[in-house]
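Me: Got a minute to go through the pockets and cavities in this one?

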Amino acid sequence: MADFVAAVDQGTTSTRFMIFDHGGNDMGRHQLEHQQILPRPGWVEHNPVEIWERTQTVIRTVLYEHRLTATDLAALGITNQRETTVVWNRRTGRPYHNAIVWQDTRTDRIASALERSGKGEVIRQKAGLPPATYFSGGKIQWILENVDGVREAAERGEAIFGNTDTWLLWNLTGGTAGGVHITDPTNASRTMLMNLATLDWDDELLSFFGIPRAMLPQIRPSSDPDSYGVTADHGPFTGAVPLTGDLGDQQAATVGQVCFAPGEAKNTYGTGNFMLLNTGTELVRSQAGLLTTVCYQFGEQPPVYALEGSIAVTGSAVQWLRDQLKIINSAAQSEALARQVEDSGGVYFVPAFSGLFAPYWRSDARGVIVGLSRFNTDAHIARATLESICYQSRDVAEAMAKDSGVALGRLKVDGGVTENDLCMQLQADILGVPVSRPTVAETTALGAAYAAGLAVGFWRSTDELRENWNESRCWQPTWPSEQREVGYDRWKRAVQRTFDWVDLD
């Protein structure tokens with residue numbers, strides 16, 4: 001068998017290609033950012049063609065630098081920014097519009113209309129999601145209604161939809177020359193269009209959005225021994241690599257953190273934060289503002305479900321300090337600036353730039369900075385930004401405890417923000433539990449590789465994957481409980497100040 005398994009990690013700000021050995025070790029990587037297109041307030045777009053070009057470049061770079069060919073790879077997995085919506089022409093391969101990113105809020109009126117009509121409860125029951133701008137269904141509807149010719153093309157079977165996993169799978173397997181139109185249950189469960197019980201597109205849900213069923217990809221297991229296809233000879237691999245793994249990025253990180261048992265949880269710190277709790281094969285419907293989602297489906301095994309708390313703005317709040325306020329030159333400088341002060345000086349920053357996701361689900365919210373006095377400096381704002389990441393994660397942890405009845409005992413963490421030691425110490429202090437970071441921080445790509453490798457026997461079982469997990473650092477809480485609770489109470493008061501800022505009627 002070949003020595004390595006590879007993964008494409010197509011994220012919100014960049015695309016990465018990584019190669020792993022049997023021990024789950026990073027044997028090679030390359031990463032390229034892509035443009036963030038912001039045509040109007042609240043609108044966030046990506047160029048799908050640029051993403052495909054970046055994907056080819058990062059693959060070719062790693063293969064060239066490490067003198068590898070397709071024959072060295074046992075399988076390829078894909079993981080991706082979920083909910084980001086691409087609609088393209090299957091005959092020409094050209095997108096009809098820029099990809100509408102998960103952070104985009106242009107569909108707020110679609111979501112609020114669904115709620116007012118009573119259809120929101122049907123969506124919650126069948127799809128496990130509230131009507132929100134976050135998910136793909138409203139984005140597809142917006143494209144059908146606002147881009148000339150798309151609805152007619154969709155009715156003819158020419159306009160097809162996919163999240164970025166489907167877009168890349170289609171291109172990698174040939175594109176207009178026979179590319180497969182496929183997704184997996186983790187991505188499909190983020191559309192408001194899939195029935196969680198049947199793992200199939202639901203005609204009633206499709207009718208709510210006016211979406212022709214022919215637009216949608218086939219749903220296949222996240223780890224598929226039959227493979228979705230092989231890479232085309234004219235693509236970046238110049239050879240056939242089986243495509244056998246496909247997971248949305250947060251589910252991939254859950255697999256990469258080997259959270260295979262019910263009750264195990266992880267938190268990924270990226271552009272946003274995403275905490276997932278494995279609930280096993282049981283469909284647990286949240287009563288506390290969380291999402292019910294598919295965690296993964298391996299082959300013909302029953303799907304494993306999860307409760308998820310999705311937070312829209314965490315790492316991107318640090319980028320805002322850099323790009324808009326310009327008080328830091330790089331994201332890494334946020335830690336040094338925040339360390340200049342012992343605390344936030346009474347400042348609380350709620351970065352509700354795209355409204356608030358879990359557990360509030362308030363599209364009408366917008367960001368606020370409260371508690372300012374002349375005493376405060378840019379260092380206090382930087383520290384409040386790091387604290388906002390941690391307080392939003394506590395909001396989700398509290399909701400998970402209500403839904404599951406199990407209090408969090410330890411939090412596994414991954415993603416770029418975990419390199420910020422101060423932020424991780426604050427997370428332990430604000431949660432009051434140990435925070436544990438693995439040796440391989442890029443668990444999203446690793447999870448996609450695990451799904452692909454399991455399908456072809458590169459790894460025999462999830463028990464074998466558990467043996468690969470090692471801790472690189474653990475942060476213990478240091479705050480006394482009174483400080484923790486006073487801080488959290490003030491945070492909740494700050495959150496209240498964000499509500500009712502935008503009129504959605």
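Predicted model: local features only at pLDDT ≥ 70, side-chain atom pairs only at ≥ 80, totals over all residues.

Me: How much space lies in the largest pocket?

Reply: About 1000 Å³. A pocket here is an open set of points on a 1 Å grid with protein on both sides within 12 Å along at least five of seven lines, a cavity is a set where a 1.4 Å probe fits but cannot get out, and lining residues have an atom within 4 Å of a point. Of the 44 lining residues, Thr13, Tyr269, Gly270, Thr271 and Gly416 are the closest to the centre of the largest pocket.

Me: Which helix gives the most to the lining of the second largest pocket?

Reply: α10, with six residues; helices are DSSP runs of H or I, at least four residues. The second largest pocket has a volume of about 720 Å³.

Me: OK, cavities. How many of 30 Å³ or more?

Reply: Two. The largest cavity holds about 100 Å³, and among its 16 lining residues Ile311, Leu356, Phe357, Ala358 and Gln392 lie nearest its centre.

Me: And what lines the second largest cavity?

Reply: The lining includes Gly23, Gly24, Tyr450 and Trp469. The second largest cavity has about 60 Å³ of space.

Definitions and conventions: Residues numbered from 1 in each chain as written. Heavy atoms only, no water. Points joined across faces, edges and corners; volume = space filled by probe spheres on them. Helix = DSSP H or I, 4+ residues; strand = E, 2+ residues; numbered from the N terminus.
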